[in-house]
Amino acid sequence: MRGGKDSDRRFFRLADSKYRNLYLYLAFAVSILAVVCNGFISNRFGNSVLPLPFGDYSIPASSVSGVVQAVSATSCILMVIIDYKTGVKLAFFTFLFSIFGISRGIIATGSMASIPGLANCIIFIFVTFLIGYQLEASDRFALTDSSTGLPNRYGFERVLNSRLSGIGRGYVAYLHVGGFHDLNANLGRKYGNIILKETAARISAIIGERGDVFKIEGAEFAIILSEECNYESVLGQVIDAVEAPIEVDKNGISIKCFVSANVGVADFYDRHLSTDEVMMCTDVAMNYAVNHDESKICTYNDALKAKVARTTEIEKMIKEALEKEYFYLQYQPQFILDGKKLRGFEALVRLRMPDGSVVSPGEFIPIAEKTDLILEIDRYVRHRAMTEFKEICSRSGDSLVVSVNVSAKEISNLGFSDEVLDMIREIGFPAECLEIEITEYSLVQSMENTIINIQDLREHGVKIAVDDFGTGYTSLSQLLNLPVSLLKIDKSLIDNIEDSEINRDFVKTVIYMGHLMNCEVISEGVEKERQLRLLNQFDCDFIQGFVWSRPLDYDAAVELCDQSI
Ligand code: C2E
Ligand code: MG
Ligand code: MG
C-alpha cells in the first residue's frame, strides 16, 4: 500500500492533526484573553506595585503585564505553526487589537510607560510573519516533486486528508504510466525525465480547474476530482492525452515516444473511509487496470473487491498445491479422424484441494500466468506426464504422442529448450513422443527467443503444436518461419461449422493451408457427429473432443492405450 514505511518515518505535526482547528482557535482565544488581561492590568494598576499573596513581597504591575504579553505572543506563534495561512492572519489581528489597547491607555493616562509594550507588538508582528513565510517555503519544498513541479505524495495525502474531513463527494484516481522502463533503457534517463515532465503537463492541462494533480511515485500520478465532473470522460481525455506521441529531440533527430496509461478510481466520500483505506482501494483498482486488458479505467467497487480477494485466495492455493502436490493430471485422448485410432493425449492440469474443492484451470491458469507460478506448474505437468507415460510410449514404438501446454512466458525464455531436453534425458522419455503446445499469443511475445527454443526442440525430435489456432494473433508469415508440426484449430471455430458457411470455409482453408505448410491439423472441442463428418470431408487429420472422449484419469488413459497398442 502507498504510504507504508515512508509514512511511518514522518514525525507528528500539529498541522496534520485532525484537531488542528480546535488547537488553532484555542490558541487564538488564549491570545485574545491575554491581551484583554493586559489591558485590565494596565488600566487598573498602572505603574503601581502589586503585593504578592505570600510574605511581604510585591511585584511591579508592568512586570506582570510583560508576562501576560509573552503568553499572548507565544499563542500567536503557535497559531502560525498550526496553520501558517490562517495563523498569521489571526496573530496579526491579535497584535492590532493589542496595539489599539495599549495606544488607548497611553492617550488616556498620558504615561509613556507602555511604549515598550507597543514596540514588542511590532517586533512580534515581524517575527510571526517571518516564521509563517519560512514554514510556507519549507512546506512547499517538502510537498513538491522536483522532477515535475507537481505536489508530491505527502501533498496528496494532506489534501486527501482535508477533503475527507470535509463534506461532499468526489473521486480519487491513480494513473499508472507504463513504458518508462524501456524509454529510460533506450534513450537514457535524461529523456525519460523530459517525457515524464511532458506527461505531467498534459495531465495538468486536461484536469485544469476540475481537480488537483499530484505525482506520487516513479511514474504514477494521483488525481482528485470534484463530484460534479463526469470522471470517466475526464479520465478518458487524460488517457488519450498521455498516450498521444511525445516528440523529443535527440542529437538533432526528432523521436516519437509512446507511453501507456491505466487508471484506477475510487469514489469515496460517501463511505466514511480513512485516507489509508481510500488509497488502498484506489491502488487495488489501478493494479487491476494495469494487469487486466478489460479496460484502461477500473473503478473500485464491491465486485472488484471480491475478484481481488478471490485472486489472492487462488494464488495462495496454487502455492500450497505446488508445495504439497495437490495438482494432478487428466489426459484427453486425441484420435486419428479417419478410423478413430488413438493418436495420443493432451495432459491437462487439475487442482483439487484437500477439502474437496476443485478449481478449474480456466480460473487458476490465468492467475498463475500473471506470476511466475505458471512456470512451476508447467514444469510439474511436463515431469509428471513424461514419467507416467515413459513406459507406455516406449512400448508403443514411439507412435503415441503426449502433449503438454506451455505458457507464453515460458517459451520466450532463453534456456527453455535446454531445460526440456534435460528433463527428457533425465526421465528417459522418447523425445519424438513429446509435443509442446504453444499458444498463438506466445508468437507475438519475444519472437526471437521463441524461434530459438522451437528450432532447438524440433532438432531433437520434439513436436510443436500451435494451440487455439484461429483466435487471432498469428500472421501467416510468422507461421511460415516456424518449424511447427501441428495446428490445433480452436473450439470456437469448430462450434459454428455446421451453421456458418464462413466458418466452414475458414476451417477448410486452415486445414488446406496447414497441409501446404507441412503441418498436421487437429480440431479441438469437437462435440457432434455432424462436425466429425464435415471435418472428415475437409481432410482434417486428428480430432480431440467430447464426441469421442472427455479428459480421462491416468488409469483410464492407460486402459485406452492398452486396447489400441
Ligand atoms: P486448451 O489447451 O485449449 O485445452 C483444451 C481445453 O478444452 C480443455 O479444458 C479441455 O477439457 C477442453 N475441451 C476439450 N474438448 C472439449 C469439448 O469437446 N467440449 C468442451 N466444452 N471442452 C473441451 P481445460 O482442461 O479446462 O483447460 C482449459 C485451458 O487451461 C487449456 O486450454 C489450457 O490453455 C489451460 N491448461 C490446462 N492445463 C494446462 C497446463 O498444464 N499448462 C498450461 N500452461 N495451461 C494449461
Ligand atoms: Mg492445449
Ligand atoms: Mg486449445
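Predicted model: local features only at pLDDT ≥ 70, side-chain atom pairs only at ≥ 80, totals over all residues.
How are the donor residues of the magnesium ion (ligand 3) spaced in sequence? They follow the pattern D-D-x55-E.

**View 1. Asp467, Asp468 and Glu524 hold the magnesium ion (ligand 3).** Look for the OD atoms of Asp467 and Asp468 and the OE atoms of Glu524, which coordinate the ion at 2.1 to 2.3 Å. Asp468 sits in strand β15 (residues 463-469) and Glu524 in strand β17 (residues 520-524), so this pair ties together parts of the chain that are 56 residues apart in sequence. Are these two residues buried or exposed? Asp468 counts as partly exposed because its relative accessibility is 26%, while Glu524, at 13%, counts as buried.

**View 2. Four residues coordinate the magnesium ion (ligand 2).** Asn405 belongs to strand β13 (residues 401-405) and Asp467 to strand β15, a pair that links distant parts of the chain, 62 residues apart. Asn405 is partly exposed, with a relative accessible area of 25%.

**View 3. Asp467 bridges the two magnesium ions, ligand 2 and ligand 3.** Which distance separates the two ions? They are 4.1 Å apart, and Asp467 coordinates both. With a relative accessible area of 6%, Asp467 is buried.

**View 4. Helix α13 has a kink centred on Phe389.** The helix is made of 23 residues and spans 34 Å from its first C-alpha to its last, close to the 33 Å expected. The kink is about 50 degrees.

**View 5. The largest nonpolar core has 84 residues.** Phe327, Phe389, Ile436 and Leu535 have the most contacts inside this core. Helix α13 (residues 373-395) supplies the largest share, eleven residues. Apart from this core lies another of 34 residues, among them Ala173, Val177, Ile195 and Ile207.

**View 6. Phe327 and its neighbours.** Which residues does Phe327 touch, leaving out those up to four places away in sequence? Its contacts are Ile318, Ala321, Leu322, Val349, Arg350, Leu351, Phe364, Ile377, Tyr380 and Arg384.

Technical notes. Residues numbered from 1 in each chain as written. Chains lettered and ligands numbered in written order. Heavy atoms only, no water. Core = buried A, V, L, I, M, F, W, Y, C linked by side-chain atoms within 4.5 Å. Buried < 20%, exposed > 50% of the residue type's maximum accessible area, 1.4 Å probe, protein only. Helix = DSSP H or I, 4+ residues; strand = E, 2+ residues; numbered from the N terminus. Contact = heavy atoms within 4.5 Å. Donors = N, O, S within 2.8 Å, 3.2 Å for Na, K, Ca; no water. Expected span 1.5 Å × (residues − 1). Bend = angle between axes of the 7 residues up to and from the residue.
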